[in-house]
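Here is a short briefing on one protein model and its ligand. Please look over the structure first, then read the points by topic.

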Amino acid sequence: MIEFYKVTSQELEFWLKAEGEPLFRKKQIFDWVYQRSVTDWDLMTNLSTELRQKLKSNFRLSTMELVRESESDDGETTKFLWRLREGTYVESVLIRSDKRRTVCVSSQVGCPARCAFCASGQKGFVRNLTSFEIVEQIIQINQYLAEQGERVTHVVYMGMGEPLKNYNAVVASIRQISHEEMLNLSQRRITVSTVGIIEGIRRLTKENMQVNLVFSLHAPNQQVRKKIIPYARKYPLDEIIDGIEEYARHTKRNATYEYILIEGINDELKHADELCELLKGKQCAVNLIPYNPVPGVRLKRPKTKAIKHFMYILRKNRLTVTCRYTKGDDIAAACGQLALQEEIECDQKAS
Ligand code: SAH
């Protein structure tokens with residue numbers, strides 16, 4: 001059995017030809033799968049019974065099962081927990097804001113980065129997701145949204161995992177998501193967030209894609225960064241920033257630097273000043289994320305006054321700054337709160 005979401009347009013053409021089927025079938029099949037989000041071959045009524053049978057015995061359409069769907073109190077965020085074939089779990093988050101329907105996808109089960117402030121890496125790394133498992137998160141959420149006459153409009157690789165440590169599958173999934181015969185979402189509406197895997201950033205620069213790249217900076221210097229991000233020891237900050245700048249130049253997209261604010265670690269005046277110095281003259285935006293609490297982690301979110309002051313200093317220095325107000329933290333769907341299933345169950349028992 002081949003996973004259908006992996007099959008390229010050309011491969012499907014070859015297959016249809018080999019089966020003696022006319023080529024217009026490709027459009028019909030892609031339409032059912034990617035536009036109408038149908039995950040059962042039997043429901044594709046404009047295909048002949050014979051073709052449906054052949055598709056059924058050759059291609060698998062769905063590989064993960066929805067275990068739980070939780071909605072935040074304000075109704076703006078929905079978290080989906082999926083069980084994968086071998087019984088592990090990943091999560092995706094749907095964020096509604098105005099007309100945007102953004103899906104935050106996971107790219108790995110667990111995470112090798114093990115950042116001090118993040119739930120995803122607490123139990124370590126389990127495995128890479130395949131490209132079709134990434135694409136399927138979007139298809140299934142499209143299926144869910146279709147009931148309200150809506151569709152996913154944006155995709156961010158900010159769920160569980162480090163996307164550039166699963167490079168091939170992530171790039172393959174971006175191609176499927178943006179392919180005009182498939183999910184047909186503009187690459188400009190797709191964002192990849194990375195902890196700073198230099199070789200991955202360089203490779204991505206050469207792909208000639210138009211996706212937004214976000215760098216999880218989180219510290220104004222290498223020394224503070226090393227305290228909270230283990231990968232900082234392997235990848236020096238100045239080299240990562242060079243890579244990010246090169247990506248921005250090459251793709252003509254603005255770079256975005258994410259900066260999580262943690263009390264007493266990186267939220268002081270001197271850190272704000274140093275950050276301004278680091279980013280001076282760069283075509284970029286800074287996205288501040290006040291730390292979201294993670295069970296078992298003894299870190300604190302700064303007081304609102306300190307957050308506002310930090311933002312003020314950055315703005316005074318003419319940096320473009322946004323602050324990502326927490327979405328979905330009542331269902332543990334905010335940044336950094338996605339964890340492996342065992343942890344979620346432990347949390348629920350404890351509360
Ligand atoms: N591995 C990728 C994607 C991670 S999640 C990366 O490192 O960029 C997306 C963002 O949420 C990252 O910037 C991540 O550092 C941040 N994040 C992780 N834990 C967080 C927490 N507890 N509070 C706020 N932001 C967090």
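The side chains of Thr194 and Glu162 make a polar contact at 2.7 Å. A polar contact here is a pair of N or O atoms within 3.5 Å; within protein, one must be able to donate a hydrogen and the other to accept it, and residues adjacent in sequence count only if both atoms are side-chain atoms. The model is predicted: local features need pLDDT of at least 70, side-chain atom pairs count only at pLDDT 80 or more, and totals for chains, interfaces and linings use all residues. Residues are numbered from 1 along each chain as its sequence is written, and side-chain values use heavy atoms, with hydrogens and water left out.

**Thr194**

- Thr194 is part of strand 10. Helices (H or I, at least four residues) and strands (E, at least two) are DSSP runs, numbered from the N terminus.
- Thr194 is buried, at 1% relative accessibility. Buried means under 20% relative accessible area, exposed over 50%, and partly exposed in between (1.4 Å probe, protein chains only).

**Ligand site**

- The ligand has 19 residues around it, and Phe117, Ser193, Ser216, His218 and Glu258 come nearest. To count as near, a residue needs a heavy atom within 4 Å.
- A nitrogen atom of the ligand sits 3.0 Å from a polar backbone atom of Gly161.
- The side chain of Ser216 has an N or O atom 2.6 Å from an oxygen atom of the ligand.
- For His218, a polar side-chain atom lies 2.6 Å from an oxygen atom of the ligand.
- On its own the ligand has 530 Å² of accessible area, and the protein covers 97% of that. Areas come from the Shrake-Rupley method with a 1.4 Å probe; for residues, only the protein chains shown count as cover.
- Strand 10 (190-194) and strand 12 (255-261) are the elements that give two or more residues to the shell around the ligand.
- That shell has ten nonpolar, seven polar and two charged residues. Ala, Val, Leu, Ile, Met, Phe, Trp, Tyr, Cys and Pro count as nonpolar, Asp, Glu, Lys and Arg as charged, and the others, Gly among them, as polar.

**Ser48**

- Ser48 lies in the loop between helix 2 (24-35) and helix 3 (49-58).
- Its relative accessibility is 27%, so Ser48 counts as partly exposed.
- A polar atom of the Ser48 side chain is 3.1 Å from the backbone nitrogen of Leu51.
- Ser48 and Arg25 are 23 residues apart in sequence, and their C-alpha atoms are 9.9 Å apart in space.

**Positive phi in two arginines**

- Arg114 has a positive phi, near 50°, and is not a glycine. Arg114 is in the loop between strand 7 (108-110) and strand 8 (125-128). With a relative accessible area of 45%, Arg114 is partly exposed.
- Arg318 has a positive phi of about 65° and is not a glycine. Its loop runs between helix 10 (304-316) and strand 14 (320-323). Arg318 is exposed, at 76% relative accessibility.

**Cavity**

- There is one cavity of 30 Å³ or more. A cavity is a set of points, on a 1 Å grid over the protein atoms alone, where a 1.4 Å probe fits but cannot get out.
- The largest cavity has a volume of about 30 Å³. Grid points are joined across faces, edges and corners, and the volume is the space filled by probe spheres set on the points.
- Its lining is Ile138, Asn142, Arg151, Val152, Ile177, Leu183 and Leu185; lining residues have an atom within 4 Å of a point.
- By class, the lining of the largest cavity has five nonpolar residues, one polar and one charged.

Terms used
On a 1 Å grid over the protein atoms alone, a cavity is a set of points where a 1.4 Å probe fits but cannot get out, and a pocket is an open set with protein on both sides within 12 Å along at least five of seven lines; lining residues have an atom within 4 Å of a point.
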